[in-house]
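Hi,

Here is the structure I promised to pass on. Have a look at it first, and then read my notes below.

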Amino acid sequence: MISETNVDGLTGTDPPGLPETPFLLLDPNVAKHQYRRLAGAFPQTQIFYAVKANPEPNIIRLLAGSGSSFDVASPAEIDICLAEGVDPRRLSYGNTIKKPADIRYAYERGVRMFVFDSEDQLHQIAAYAPGAEVFCRLLASSDGAQWPLSRKFGCSPAMAVDLLVAASGLGLTPIGVSFHVGSQQLDPHSWEPSIAQAAGVFAQVREHGVELDFLNLGGGFPVAYADPVPPIEDFGSVIHAAVGRHFPGIPLRIGAEPGRYIAAEAGTLRASVVLVARKSYTDDSRWVYLDVGRFGGLAETEGEAIRYRIVTRHDGTATGPTAIAGPTCDSVDVLYRTTPYELPLALHTGDHVEILNTGAYTTTYSSNGFNGFAPLATICIGDRT
Ligand SMILES: *Cc1c(COP(=O)(O)O)cnc(C)c1O
């Protein structure tokens, strides 16, 4: 988390030159620290930072310098990494839904690792990225995840076996499988069913004379928002024990694709109170309207799924129940209405609030200017080399 000394705006000692709220204060060194901690918890694992969590070039550069690889999903994300000097052989094109032109774009720039989860996409990779390494994404359960993934991605193990064998016949190099157990996954044991499925796929593919060695554990590693989460070291030990059980004595290249875990704690979102209101004279609950909401970067409050911690300069004084909403004229622009939030009664128009651990999935989710509100700006602080 960014230290209090960096985020002193609540006490009126802002670093000079800060813009109007809302904006994200980002310390890329925190992302580097998170990378190192994850790498320590997952030794012998190639870490592909999921660029979509926060594609800020200063983060990409620091992570690249620390030895990270990158999970990219589009030509634009490839360009961001290449512009920071990342070797294209350290990029994995991890989006299962790629246009043929985008596959070709990646291949022409030296990307050689591609995911697929359908026969169609496999044929397109064979056509536009001849000879590339490919891995198949398995359907996985998101039980236990606060930001679940739907059945949009992945295929069944039986289909994965057929497609990986077919990949070989198409001149591609099948290397293994991936899966994703849902983002903000709180249960370290959630990885094991997919690891077991992966082992089954490896064994069946081997019967067709194709050897796999790449097991990609995906992302999902959680961050403490309003509630604490198990430490990353617990995830490392539980997941590695599961890999050992299901792949005994089999040499493996293990990969992981963390996004949220790397970027979230690097950011603090500074916003202002626009208005405090009650809906009737007898209502003891207030509405606090901020100048940031669902469209300004806090999209993950949909369904009140991600519950951010909100800090104000009045903390420690008397509080009352509060609904919290954004500034636009859209009725879905409500952050929290059923989750019990208590904010200080002293909070008033113009006060700053800090929304903590907002470095992941905020700037990239911010709309381009819905209702005329500007997209969420990033201000980088700290040492960036
Ligand atoms: C978004 C994404 C990730 C990152 O997930 P987190 O839950 O943020 O760690 C990893 N892999 C793929 C393929 C993704 O799309």
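**A salt bridge to start with**

Arg260 and Glu300 make a salt bridge, with 2.8 Å between the closest N and O atoms. Please keep in mind as you read that this is a predicted model.

The protein chain splits into domain 1, made of 4–23 + 264–380, and domain 2, covering 29–262.

**Where the domains meet**

Between domain 1 and domain 2 there are 2 salt bridges. The interface of these domains also has 8 residue pairs in polar contact. On the side of domain 1 that touches domain 2, you'll find 11 nonpolar, 5 polar and 5 charged residues.

The contact itself involves 21 residues of domain 1 and 21 residues of domain 2. An interface's size is often quoted as the accessible area lost when its parts come together. Here domain 1 and domain 2 bury about 1,800 Å² between them, and 55% of that is on carbon and sulfur atoms. Within domain 1, the residues losing the most area to domain 2 are Glu265, Arg307 and Tyr361, which together account for 30% of what that side buries.

**Around the ligand**

There's a ligand to look at too, and two names from above come back. The ligand has 14 residues around it, and the nearest are Lys52, Ser183, Glu257, Arg260 and Tyr361.

With Gly220, a polar backbone atom is 2.8 Å from an oxygen atom of the ligand, and with Gly259 a backbone N or O atom is 2.9 Å from one. On its own the ligand would expose 390 Å², of which the protein buries 89%.

Cheers

Technical notes: Residues numbered from 1 in each chain as written. Predicted model: local features only at pLDDT ≥ 70, side-chain atom pairs only at ≥ 80, totals over all residues. Heavy atoms only, no water. Domains from an automatic or database assignment. Contact = heavy atoms within 4.5 Å. Buried area = accessible area lost by both parts, 1.4 Å probe. Salt bridge = Lys/Arg side-chain N within 4 Å of Asp/Glu carboxyl O. Polar contact = N/O pair within 3.5 Å; in protein donor to acceptor, adjacent residues only side chain to side chain. Nonpolar A, V, L, I, M, F, W, Y, C, P; charged D, E, K, R; others polar. Near = heavy atom within 4 Å. Areas by Shrake-Rupley, 256 points an atom, 1.4 Å probe, with all protein chains shown as cover.
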